Amino acid sequence: MTNVILDGLKILFSTFAIILLAISTVPYVILLLCWSVISTPLPATWFHTVEDGLWGWYQRMVVFFFEHYAGVEIHIDGTIPSTKENVLVLSNHQCMVDWIVADFLAVRQNMTGNMRFVFKNSLKYYPIYGFSFGIHGGVFVRRDGFYNNHNMQRVLDTLKQRKADLYFLLYPEGTRFTPHKKSLLDKSQSFAVKSGLEPLNQVLTPRVKAFDCTLNSLQTYIHAIYDITIVYDTRKEEYDGYRPQSPHALQFLFGRCKKVYIKFERIPIKDVLSQISACGDDVADDQASAPMKWLHNRFAIKDKLLEEFFSKSNSGSEGNSNQAKRWRRSRLPYSATLPSTISFILIHAVILYFPFGRYIYIATSTIGVLLMSVYAHFCF
């Protein structure tokens with residue numbers, strides 16, 4: 001009976017968390033729009049400073065639910081710097097939770113307010129989020145032949161001009177790796193072969209255009225590249241050695257993923273440029289450029305790590321003993337997320353308490369969503 005009650009309470013609170021997160025963008029964007037009006041006569045740097053703070057405040061609430069509330073254990077192989085710095089973050093891409101795992105790292109470095117993402121173009125039309133991402137300095141790109149270098153360069157130049165603190169996240173695979181979509185992996189491997197590169201099995205062949213543009217633009221602005229590999233441990237007792245599907249957001253909140261492993265490596269930008277130059281000396285033809293070769297080599301390392309982790313012989317949660325020694329449990333104090341969460345819920349309640357606040361809330365959720373989508377279409 002006790003277990004049934006506890007399970008019921010878990011479902012109840014998880015449902016509350018899902019509802020709150022689903023509607024949480026409304027009070028966030030109300031505050032953002034209010035500040036946009038108030039800051040009109042002020043220097044632009046004032047707007048961006050407060051906007052970064054609002055974004056970081058909101059993201060800390062997200063981290064509270066996805067890390068503290070979900071009870072997931074974060075295990076990290078590598079040392080996250082204790083101080084802030086401008087960086088380009090490269091990550092493998094498996095599910096939408098990847099963005100939130102990046103939050104897990106950023107909050108440990110006090111950089112949640114400085115996160116900017118490269119998104120696929122269609123996400124600019126995602127209700128409220130697309131508008132918020134664009135205002136915050138995100139870049140929306142089309143894939144493959146439709147990639148817009150000019151638009152990405154414009155956003156990066158703007159970020160540099162206003163001397164923005166930068167935690168710039170890029171998913172070079174371009175789309176999510178799904179173990180059961182064999183056709184997607186086949187297409188990726190075929191692309192690798194045509195480019196004279198080794199086919200990969202646990203990640204997709206990275207695309208180089210967005211990376212190349214970012215590196216060329218930011219190489220004198222950033223201090224390092226953070227190369228991270230995310231592993232979701234969703235294996236069951238009857239684990240057969242095949243890589244399981246990564247969790248979606250609802251599964252994560254319901255506690256279906258107990259542990260997340262993150263391989264973290266900091267590479268100083270001068271070392272990156274030196275390594276790319278060395279790759280250029282090794283390229284025998286024009287099929288693969290030096291940046292493409294370097295990026296592929298990084299993803300080959302990810303491929304090997306994931307292969308080892310999900311190999312049938314590795315029955316333990318951390319894989320083999322040598323691999324287990326590298327992972328270290330990282331505990332985030334509640335003080336990093338709970339104040340933001342409580343204040344966010346209180347502000348949400350205040351907005352809904354007053355009639356005028358409810359009017360603004362409804363207007364933002366309806367007409368505002370349409371206007372923000374139109375703005376995103378023409379401005380991002």
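At roughly what angle do the axes of helix α6 and helix α8 cross? Keep that in mind while you load the structure, which is a predicted model.

**Stop 1: α6 and α8**

Select residues 149-161 for α6 and residues 209-218 for α8. Their axes come within 10 Å and cross at roughly 30 degrees. Angles under 35 degrees count as roughly parallel, and α6 and α8 are therefore roughly parallel to each other. The crossing of α6 past α8 is right-handed.

Now show side chains. From α6, pick Asn 149, Met 152, Gln 153, Leu 156, Asp 157 and Lys 160. They meet Ala 210, Cys 213, Thr 214, Ser 217 and Leu 218 of α8. Colour this contact by class and you get five nonpolar, four polar and two charged residues.

**Stop 2**

Go to Lys 163, in the loop between α6 and β5. Its phi is near 55 degrees, a positive value in a residue other than glycine. Is Lys 163 buried or exposed? With a relative accessible area of 68%, Lys 163 is exposed.

Next, click Thr 205, in the loop between α7 (182-194) and α8. Thr 205 has 2% relative accessibility, so it counts as buried. Leaving out residues up to four places away in sequence, Thr 205 touches Glu 173, Ser 188, Gln 189, Phe 191, Ala 192 and His 296.

**Stop 3: the sheet**

Switch to cartoon view and find the eight strands of the open sheet. Walk across in the order β4-β3-β5-β2-β6-β7-β1-β8; the pairing is mixed. At the edges you have β4 (139-141) and β8 (328-330), each pairing on one side only. On average, neighbouring strands here are turned by 25 degrees against each other, direction ignored.

Zoom in on β3 (residues 115-120) and β5 (residues 167-170), which pair in the parallel sense over three bridges. Which residue of β5 is the bridge partner of Arg 116? Select Phe 168 to see the answer.

From β3, carry on to Ile 128, in the loop between β3 and α5 (129-135). Ile 128 is another one for the backbone angles: phi is positive, about 65 degrees, although the residue is not a glycine. Ile 128 counts as buried, at 5% relative accessibility.

**Stop 4: α13 and its two partners**

Select residues 338-353, helix α13, together with residues 25-38, helix α2. The two axes come within 10 Å and cross at roughly 80 degrees, so α2 is roughly perpendicular to α13. On the α2 side, look for Pro 27, Tyr 28, Ile 30 and Leu 31. Facing them from α13 are Phe 344, Ile 347, His 348 and Ile 351. By class, that contact has seven nonpolar, one polar and no charged residues.

For the contact, show Trp 57, Tyr 58, Arg 60, Met 61, Phe 64 and Phe 65 of α3. The classes here are eight nonpolar, three polar and one charged.

Technical notes
Residues are numbered from 1 along each chain as its sequence is written. This is a predicted model: local features need pLDDT of at least 70, side-chain atom pairs count only at pLDDT 80 or more; totals for chains, interfaces and linings use all residues. Side-chain values use heavy atoms; hydrogens and water are left out. Two strands pair if DSSP finds at least two bridges between them. Helices (H or I, at least four residues) and strands (E, at least two) are DSSP runs, numbered from the N terminus. Axes are lines fitted to C-alpha atoms, for helices over the stretch in contact, and angles run from 0 to 180 degrees between N-to-C directions. Angles under 35 degrees count as roughly parallel, over 145 as roughly antiparallel, 65 to 115 as roughly perpendicular and the rest as oblique. Contact means heavy atoms within 4.5 Å. Ala, Val, Leu, Ile, Met, Phe, Trp, Tyr, Cys and Pro count as nonpolar, Asp, Glu, Lys and Arg as charged, and the others, Gly among them, as polar. A crossing is left-handed if the near helix is turned anticlockwise from the far one by less than a right angle, and right-handed if clockwise. Buried means under 20% relative accessible area, exposed over 50%, partly exposed in between (1.4 Å probe, protein chains only).
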